[in-house]
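This report describes selected features of one protein model. Please keep the sequence and the structure in view while reading.

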Amino acid sequence: MKSNTKSSDKRRNRCRWNQLQPGLTKGSRTRIFTSHNYEDRSAIEPTENDLNWWKRQLELPPEKRLFHVKLYLALEQSRVDGFEDVISWMPHGRAFKINDKEKFITQVLGPYLNMKPVHSSFIRQLGIYGFTRLTNASGKESSGAYYNEYFLRGRPALLRRMTRVYTKG
């Protein structure tokens, strides 16, 4: 009987470890938790300034557009050009996910985002524009997706409200 109790205790301890408790990781690094305090911005009506800003962005040549505008247009174009298997909106339209990193680097970064084929540059730009990556705690389906409260499918004028975060360094 004692052996069963010990093995069930071990299983329970393993499960507790997998639940990501505060403290140190297995590699003795401090575990960092991201706050996912999401505020629903989908009900916000765009102002006249928002709409004019969006029109001006569309009039610019693609290489002069802001990063988040190019990303939004690439996601919208993914359905038309048939590369939803590479990058796509999540079904709820509040986040997007890169489904195939290798194809994303070759097929999307250069042609649609005018970026060098380096994934780390793209991730850095996401951070600069305030995108947050969803983790396994969000569920298997949305794990690895990125979101910003103003980056919503079908609401391009709200992109104007996204602020670029400047960091020292």
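## Arginine 65

A polar atom of the arginine 65 side chain lies 3.4 Å from the backbone oxygen of leucine 60. The model is predicted: local features need pLDDT of at least 70 and side-chain atom pairs pLDDT 80 or more, while totals for chains, interfaces and linings use all residues. Residues are numbered from 1 along each chain as its sequence is written, and side-chain values use heavy atoms, without hydrogens and water.

Arginine 65 is placed in the loop between helix 2 (48–59) and helix 3 (67–81). Arginine 65 is buried (under 20% relative accessible area, 1.4 Å probe, protein chains only). It has no salt bridge (a side-chain nitrogen of Lys or Arg within 4 Å of a carboxyl oxygen of Asp or Glu). The nearest side chain of opposite charge, glutamate 63, is 8.2 Å away. Beyond its neighbours within four places in sequence, arginine 65 is in contact with residues including Gln57, Lys70 and Leu73 (heavy atoms within 4.5 Å).

## The sheet

Four strands (DSSP runs of E, at least two residues) form an open antiparallel sheet in the order 1-2-4-3. Strand 1 (87–89) and strand 3 (132–133) are the edge strands, each pairing on one side only; pairing requires at least two DSSP bridges between two strands. Strand 1 is joined to strand 2 by three bridges, and tryptophan 89 has phenylalanine 96 as its bridge partner in strand 2.

## Helix 5

The buried residues of helix 5 (residues 119–128) are His119, Phe122, Gln125, Leu126 and Ile128. Among the elements covering them are helix 3 and helix 4 (101–113). After helix 5 comes glycine 130, with a positive phi near 80°.

How values were computed. Buried < 20%, exposed > 50% of the residue type's maximum accessible area, 1.4 Å probe, protein only. Lys, Arg positive; Asp, Glu negative; His and termini not counted. Polar contact = N/O pair within 3.5 Å; in protein donor to acceptor, adjacent residues only side chain to side chain.
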